[in-house]
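Dear colleague,

Please find below the structure that I am handing over to you, followed by an account of what was found in it.

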Amino acid sequence: VSEDTRPDTLSDRSIAAVAELIRSGRARRIVVMTGAGISTAAGIPDFRSPKTGLYHNLARLNLPHPEAVFEVDFFRNDPRPFYVLAKELYPGNFHPTISHAFVALLAKRKLLRLLFTQNIDCLERAAGVPPELIVEAHGSFATQRCIDCKTPFPDAEMRQCVESASPPVCALPQEADLVIVIGTSLLVHPFAGLPRLARDSVPRLLFNMERVGDFGTRADDVICLGACDDGIRKLADELGWREELEKLWVGL
Ligand code: CNA
């Protein structure tokens, strides 16, 4: 689809048009998908941003390659680098961003169907997104289990999502009437395939530093390049929610 194709659902490819969709009540089952980029402004580095990304800054851990810190085979041999990192990323040291607060506001207004996050930092919970609306696709610090004895962990939904792209979880994007993707390179599967599961007529809004995935190939795709917090504020402005959002965020 070329950039000038007329959208099917939106009046045009703009944040204002997405805001109008929400305000008019035509988007009430919003599915949000997030990655490390939503938390960089909170001080947690993402993986792949040049210079500031975690993979760029792991020399101190003496890894064979940066990804090894999250590989279970490496972990079995030497769990220490992971624990060094886990300590740094542990919940309690970081404050949610305004983008996290926006997702909480969607939930408060009963517009959030589900949040899929790749993050393990628990900042969605800290912002007040109800845990039952969060799928932590790569696990999180909220729960854990022994990799050998498999002591059960409480969140059944999370286990399904982590072990495989299980149909009940992956079916959910098909229910969405608006998909908002925030701060992810969409390189890690199966998460990376989720935005494609949205029905064709469903608008998809991307807040990211760069264009990712198949964004831009559909008539109702809206791409907002730049820091997600800026884009989210723009959307909140268009919705007339800015004051409520800033208040909610400041109160976190
Ligand atoms: P990634 O591959 O590092 O990509 C991050 C994306 O976000 C890139 O496309 C950036 O351009 C973009 N970005 C960075 N800052 C901003 C910003 N302020 N506004 C908008 N966009 C921004 O990270 P992904 O999440 O896509 O990769 C998946 C991995 C990263 C998952 O396994 C996560 O568990 C893992 N991770 C999580 C955290 C966390 O929990 N906060 C931190 C680092 C990595």
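**Findings**

Phe47 has its place in the loop between β1 and α2 (72-77), where helices (H or I, at least four residues) and strands (E, at least two) are DSSP runs, numbered from the N terminus. Phe47 counts as partly exposed because its relative accessibility is 27%, given that buried means under 20% relative accessible area, exposed over 50%, and partly exposed in between (1.4 Å probe, protein chains only). Leaving aside neighbours within four places in sequence, Phe47 is in contact with Gly53, Leu54, Tyr55 and Phe70, a contact being heavy atoms within 4.5 Å. Phe47 and Thr184 are 137 residues apart in sequence, and their C-alpha atoms are 9.9 Å apart in space.

Please bear in mind that this is a predicted model, in which local features need pLDDT of at least 70 and side-chain atom pairs count only at pLDDT 80 or more, while totals for chains, interfaces and linings use all residues. Residues are numbered from 1 along each chain as its sequence is written, and side-chain values use heavy atoms, with hydrogens and water left out.

As to confidence, the mean pLDDT of the protein is 84, and 85% of its residues reach 70 or more, pLDDT being the predictor's confidence in each residue, from 0 to 100. Two stretches call for caution: pLDDT stays under 50 over residues 150-154, for which the model has 9 contacts beyond four places in sequence, and pLDDT also stays under 50 over residues 157-170, for which the model has 27 such contacts. For the complex, the predictor gives an ipTM of 0.96 and a pTM of 0.76.

Turning to the sheet, 6 strands form an open sheet with parallel pairing, in the order β3-β2-β1-β4-β5-β6, where two strands pair if DSSP finds at least two bridges between them. Because β3 and β6 (221-225) stand at the edges with a single partner strand each, one side of each is left without a neighbour in the sheet. The twist averages 15° from one strand to the next.

Strand β2 (residues 112-117) is mostly covered, with 5 of its 6 residues buried. Strand β1 (residues 30-34) runs parallel to β2 and is joined to it by 5 bridges; in this pairing Val31 stands opposite Leu114, and Met33 stands opposite Phe116. Between β2 and strand β3 (residues 134-136) there are 3 bridges, again in the parallel sense, and Leu115 has Ile134 in β3 as its bridge partner.

Finally, Glu246 has its place in helix α10 (residues 242-250) and, not counting residues up to four places away in sequence, touches Ile98 and Arg233.

With kind regards

Technical notes. Axes are lines fitted to C-alpha atoms, for helices over the stretch in contact, and angles run from 0 to 180 degrees between N-to-C directions.
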